[in-house]
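The briefing below concerns a single protein chain, shown here with its sequence.

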Amino acid sequence: MFDVIFIGSGHGAWHAVQTLARAGKKVAVVEKDLPGGACPNYGCDAKILLDGPFEYLEGLERYKGLCVDQTGTIDWNKLMAYKAKVIGVFPQALIDVSPQLGVTFIRGKGKILDAHTVQAGDSTITGEVIVIATGQRDAELNIPGRNSFITAAIFCRSKTCRSI
Ligand SMILES: Cc1cc2nc3c(=O)[nH]c(=O)nc-3n(C[C@H](O)[C@H](O)[C@H](O)COP(=O)(O)OP(=O)(O)OC[C@H]3O[C@@H](n4cnc5c(N)ncnc54)[C@H](O)[C@@H]3O)c2cc1C
């Protein structure tokens with residue numbers, strides 16, 4: 001039996017997971033998608049990394065014709081490859097570090113069966129405490145053009161980039 005079971009492995013969970021594990025608690029984390037959740041994979045870090053070159057270009061555009069002759073273009077494939085190289089390693093790193101921290105990391109969907117039982121993928125685990133750290137769902141906006149929208153998670157996995 002675990003002391004604490006976290007469903008979800010994003011920032012909302014991970015800081016508490018580490019603290020509890022270091023304090024000697026038996027901790028399990030259940031994650032159905034990318035370990036680490038939104039922030040490192042398709043949120044904060046991905047956004048900063050993908051946005052960076054565009055910010056530079058935008059800045060240069062302001063000086064075009066004044067003191068800058070040419071600005072440039074961004075190669076989406078290379079940018080995505082760069083992103084994959086920098087942050088694509090994170091999910092596996094989190095799995096790899098878990099045993100060192102004494103954390104049991106389980107890939108699969110977590111479903112609460114009763115107050116102390118969680119179905120974690122194909123297995124069933126029990127815990128004294130269950131923490132729901134499943135983040136948020138993307139809101140579907142009821143506005144014109146909504147069919148053109150994609151979520152950050154899909155955008156950050158896109159193989160191609162198109163203007164709309
Ligand atoms: C594009 C973008 C940019 C952002 N930029 C910033 C920023 O610059 N600064 C900032 O502070 N914040 C930023 N955020 C917000 C930040 O990413 C979130 O606040 C943070 O990730 C929330 O953490 P969380 O653990 O609550 O949820 P999440 O990170 O969403 O983690 C929840 C996890 O639970 C998993 N899960 C859900 N249901 C189940 C289930 N049944 N079983 C198993 N696993 C499940 C999900 O797969 C997910 O991995 C950004 C978000 C986005 C989308």
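**Helix 3 against helix 4**

In this predicted model, D45, A46, L49, L50 and P53 of helix 3 meet L79, K83, V86 and I87 of helix 4, a contact being a pair of residues whose C-beta atoms, placed from the backbone, lie within 7 Å. Local features need pLDDT of at least 70 and side-chain atom pairs count only at pLDDT 80 or more, while totals for chains, interfaces and linings use all residues. Residues are numbered from 1 along each chain as its sequence is written.

*The helix pair*
- By class, the contact of helix 3 with helix 4 has seven nonpolar, two charged and no polar residues, where Ala, Val, Leu, Ile, Met, Phe, Trp, Tyr, Cys and Pro count as nonpolar, Asp, Glu, Lys and Arg as charged, and the others, Gly among them, as polar.
- The axes of helix 3 (residues 44-61) and helix 4 (residues 76-87) come within 10 Å and cross at roughly 145°, with axes fitted to C-alpha atoms over the stretch in contact and angles running from 0 to 180 degrees between N-to-C directions.

*Overall fold*
- The protein has six helices and six strands, taken as DSSP runs numbered from the N terminus (helices H or I, at least four residues; strands E, at least two).
- Along the sequence these elements follow the pattern β-α-β-α-α-α-α-β-β-β-β-α.

*Extent and contacts*
- Taken along the principal axes, the C-alpha atoms of the protein fill a box of roughly 65 × 40 × 20 Å.
- Of the contacts in the protein between residues at least 6 apart in sequence, 66% join residues at least 24 apart.

Methods: Two residues are in contact if their C-beta atoms, placed from the backbone, lie within 7 Å.
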